[in-house]
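Notebook open; today I'm looking up charged pairs. Here is what I have loaded.

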Amino acid sequence: MRITIVPAGTKTSAATIRELLKKGPATVEVYAVYRNLAKVPAEFTAHENFHAVRGDVEDAASLDLAGSDAVMTSTPPMFDGDEDPFAMAEKVSINVKNAVEQAGGVKRLMLLSSLGAEFDKGVGEIRTNHIAEKVLRETNVPEILFVRCGYFIENWTMFSAETLKEAEPYFNSLITPLDFEMPMVAVKDIGSTFATGLTSKYTPPVKPYVFALHGPKEYSPNDVQAAFSNAMGKHIQMRAIEKDKLADFFSAILPPHLVDIWAEMSTSFLPGGVAAPGSEGLEDVNIVRGKTDLETAIKDALGADE
């Protein structure tokens, strides 16, 4: 069985590749599409069932998915540059859709999507996933699956990588109030879910089949603080970034044209937001629960960042 991951350079794609390669030499051949082959992880190139392929989702002519039985794709987040992220999401989604159809023989297409992707406004950066779903749901393949993931647990270390190294370490919480519980999921569970979905013989009941992927339970920022403190062996402070300060926070790390959409995305998950748990308008989809708890995911993320 031939599985293609496009693009392959994200952490979620890497986690999926890692899980696929565990399935053994007689099970699956993994073809991973990278913009820069120099960045292919050595842990993958050493595996006989792994094949790195040069390709760029922004360049339609570079995508050749011929021979693929199943394809995983995602819309890479933008942290820099001056391009419109929504126009880019549409462009890369169309490129992948066309490449899948031109390949012929692809039986299953899986998209890494997000909580809130059912909304076309009020969710900021998450609208890129809405656009991707809208484009890819029209792909001419037998099976299409959209996986709407909860808040990535690894985001907690990404946004506080430097502050956790200070003499008095702390992390920032973009989620308030601090006892507010919401769906979170570990990248490891995303990889496992996609590896299973790409290779499963199960036929989804509808096309596209949409389901949510959450962790074992919902977590709050207070739970995250406890996980950090336990993992680092000392008390870790938590600083709340209130709703009205989110734009200021993102202004320090993102280009000006991305600030508002990232701030809007962050507020969309909070109480009163359009994508907050239990809010009206959320689609009623099945929820798959991952196995990796918050404490384990935080420990793994801190180890990876060292």
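Predicted model: local features only at pLDDT ≥ 70, side-chain atom pairs only at ≥ 80, totals over all residues.

**Salt bridges**

I started with a network: E118, E133, R148 and E283 are linked by salt bridges. My cut-off for a salt bridge is a side-chain nitrogen of Lys or Arg within 4 Å of a carboxyl oxygen of Asp or Glu. Residues are numbered from 1 along each chain as its sequence is written, and side-chain values use heavy atoms, with hydrogens and water left out.

I counted 13 salt bridges in the structure.

E133 lies in helix α4 (residues 127–136) and R148 in strand β6 (residues 143–149), so the pair ties together parts 15 residues apart in sequence. Helices (H or I, at least four residues) and strands (E, at least two) are DSSP runs, numbered from the N terminus.

Buried or exposed, I asked of E133? E133 is buried, at 2% relative accessible area, and R148 is buried too, at 4%. I use buried for under 20% relative accessible area, exposed for over 50%, and partly exposed for in between (1.4 Å probe, protein chains only).

Then R35 and E58: their side chains form a salt bridge at 2.8 Å, N to O. This one links distant parts of the chain, 23 residues apart, with R35 in the loop between β2 (29–34) and α2 (42–45) and E58 in the loop between β3 (50–54) and β4 (70–74). E58 comes out as partly exposed, at 28% relative accessibility.

Last entry: E162 pairs with K165, closest N and O atoms 3.8 Å apart, and both E162 and K165 are exposed.
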